[in-house]
Every structure is written in C-alpha cells, then in structure tokens.
Amino acid sequence: TEKLELWKRNHILGKSRKSADLILNVPTVSRIHARFVYRENGYWIIDLNSKNGTFRNGELLVSGEAYPLQDGDRLRFSDQCFTYHRAGIVQPPPESV
C-alpha cells in the first residue's frame, strides 16, 4: 500500500507537481484534489472541488468543508484508497518547513 506522510501544518494532495506536495500521479485525481490542515491537535481534510470527489469512510465530502480525521479513517481520492493513522504527535508540526 502506498503511504502518504503528513509532516507540516498544511498539505495539498493532487497530481500537479507544481501545486501539490503529496503527489498522486493518477488520471482520475485532480491537479489539486484535497488539503490536509493541522488544527487543534489533529489533521482535518478539505476537498478542493475535485472532479471525482474525496471520501471519508465512504461519505462524499462537501467541497470546501473541513472534516476532522480520526485514527483508522478510510480516505478515498477518486479511486485511490488510504487509511489515516494518527501518529503519536506530542507537539504540533512546525509553522513552516
């Protein structure tokens, strides 16, 4: 299984090497598909008006809405599936990397 590593406060997931820092080089994934944002001791996910949708535990996310991530959440970007695992974060990620 492919692994996506979250290491900073803000990540863009997509297939654009210019705009995204989490790259999924798959035709059905949008150039900028989703955003991961760290707030209040955890990551949240936001769909960025992707063409084929972002799903959390089988539920289609409303574009622009922020959803909190829990350990074990199943994430799907178009047809690409991942499971979110919360690392034992003791301190928040740095402001910028």
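Modeller: Start at Thr54, which stands opposite Phe77 in β8. Strands here are DSSP runs of E of at least two residues, numbered from the N terminus. This is a predicted model, where local features need pLDDT of at least 70, side-chain atom pairs count only at pLDDT 80 or more, and totals for chains, interfaces and linings use all residues. Residues are numbered from 1 along each chain as its sequence is written, and side-chain values use heavy atoms, with hydrogens and water left out.

Colleague: In which sense do β5 and β8 pair?

Modeller: Antiparallel, over three bridges. Two strands count as paired if DSSP finds at least two bridges between them.

Colleague: And what is the order of the four strands in the open sheet?

Modeller: The order is β6-β5-β8-β9, with antiparallel pairing. β6 and β9 (80-83) are the edge strands, each pairing on one side only.

Colleague: Moving on to the largest nonpolar core: which residues touch the most other members?

Modeller: Phe36, Ile45, Leu69, Leu75 and Phe77, out of 17 residues. A nonpolar core is a set of buried Ala, Val, Leu, Ile, Met, Phe, Trp, Tyr and Cys residues joined through side-chain atoms within 4.5 Å. Buried means under 20% relative accessible area, exposed over 50%, and partly exposed in between, with a 1.4 Å probe and protein chains only.

Colleague: Which strands each supply at least two residues of this core?

Modeller: β3 (34-39), β4 (42-47) and β8 (74-77) do. The largest share, three residues, comes from β3.

Colleague: What is Leu69 in contact with, leaving aside its neighbours within four places in sequence?

Modeller: Phe36, Tyr43, Trp44, Ile45, Arg56, Leu75 and Tyr84. Contact means heavy atoms within 4.5 Å.

Colleague: Different topic. What is the phi of Asn49?

Modeller: About 55°, which is positive although Asn49 is not a glycine. Most residues other than glycine have a negative phi. Asn49 lies in the loop between β4 and β5 (54-56).

Colleague: Is Asn49 buried or exposed?

Modeller: Exposed, because its relative accessibility is 63%. Asn57 also has a positive phi, near 55°, and lies in the loop between β5 and β6 (59-60). At 34% relative accessibility, Asn57 is partly exposed.

Colleague: Last one. How many salt bridges does a search of the whole structure find?

Modeller: One. The side chains of Asp21 and Lys8 meet at 2.8 Å, N to O. A salt bridge needs a side-chain nitrogen of Lys or Arg within 4 Å of a carboxyl oxygen of Asp or Glu.
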